[in-house]
Amino acid sequence: MQRRARLPEAPKPFDLWSYDTAHLLDELAGIREIILRVPITLQTKSALQSAVDRIWRVEEDVRFLLSLQRDMQASFAQKAAKLDAPKKQANLHVHQMKA
C-alpha cells in the first residue's frame, strides 16, 4: 500500500491583531538557546555567533514593532476619547434638563 505525501497547508493571511507575539519571542529565545548548546569549533564559531546575533536583532525588531503598535493604539484611544467627550457632555446636559 502506497502512502501519498500530503501537501503543506497554504499559509494563512497574516493578522497582526491576533498574532501571539509573546509566543514568537519565546520561540526565538528557545532557538537561541539551542544554538548556544551547539559545541563550538573553529569552523562553527562564526556561523553560530552570526545566528545568535540575527535572532537577537529579530527579537529587538519585534519589541520595537510592539511598542509602535502600543503607541498607535494609545493615540487612537486618546483621539476617540476627545471625539466622544462633546457627545457625553451633550447627553449629560439633556439628562439634566429632563430632571
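Q: Which element holds Leu68, and what makes a stretch count as such an element?
A: Leu68 lies in helix 2. Helices are DSSP runs of H or I with at least four residues, strands are E runs of at least two, and both are numbered from the N terminus. By that rule the protein has two helices and zero strands. One friendly note on the basis: this is a predicted model, in which local features need pLDDT of at least 70, side-chain atom pairs count only at pLDDT 80 or more, and totals for chains, interfaces and linings use all residues. Residues are numbered from 1 along each chain as its sequence is written, and side-chain values use heavy atoms, with hydrogens and water left out.

Q: Why is Leu68 called partly exposed?
A: Its relative accessible area is 35%. Buried means under 20%, exposed means over 50%, and partly exposed is in between (1.4 Å probe, protein chains only), so Leu68 at 35% belongs in the middle class.

Q: What makes Phe64, Leu65, Leu68 and Met72 a patch?
A: Patches take residues with over 30% relative accessible area and no salt bridge, joining nonpolar side chains (Val, Leu, Ile, Met, Phe, Trp, Tyr) within 5 Å and like charges within 9 Å. These four form a nonpolar patch on the surface, with about 420 Å² of accessible area together. Accessible areas come from the Shrake-Rupley method with a 1.4 Å probe, and for residues only the protein chains shown count as cover.

Q: How do you know that the side chains of Glu59 and Arg32 meet in a salt bridge?
A: A salt bridge needs a side-chain nitrogen of Lys or Arg within 4 Å of a carboxyl oxygen of Asp or Glu. The N to O distance for this pair is 2.4 Å, so the pair qualifies. Glu59 lies in helix 2 and Arg32 in helix 1, so the pair ties together parts that are 27 residues apart in sequence.

Q: How many salt bridges are there, and which others qualify?
A: A search of the whole structure finds three. Arg63 and Glu60 meet at 3.6 Å, N to O; both lie in helix 2, three residues apart, about one turn of the helix. Asp71 and Arg70 also meet at 3.6 Å, N to O. Arg70, at 52% relative accessible area, counts as exposed, while Asp71, at 44%, is partly exposed.

Q: What makes Leu28, Ile35, Leu48, Val52 and Ile55 a nonpolar core?
A: A nonpolar core is a set of buried Ala, Val, Leu, Ile, Met, Phe, Trp, Tyr and Cys residues joined through side-chain atoms within 4.5 Å. These five residues make up the largest such core. Helix 1 (21-37) and helix 2 (45-98) each supply at least two of its residues, and the largest share, three residues, comes from helix 2. Leaving aside neighbours within four places in sequence, Val52 is in contact with Arg32, Ile35 and Leu36.

Conventions:
Contact = heavy atoms within 4.5 Å.
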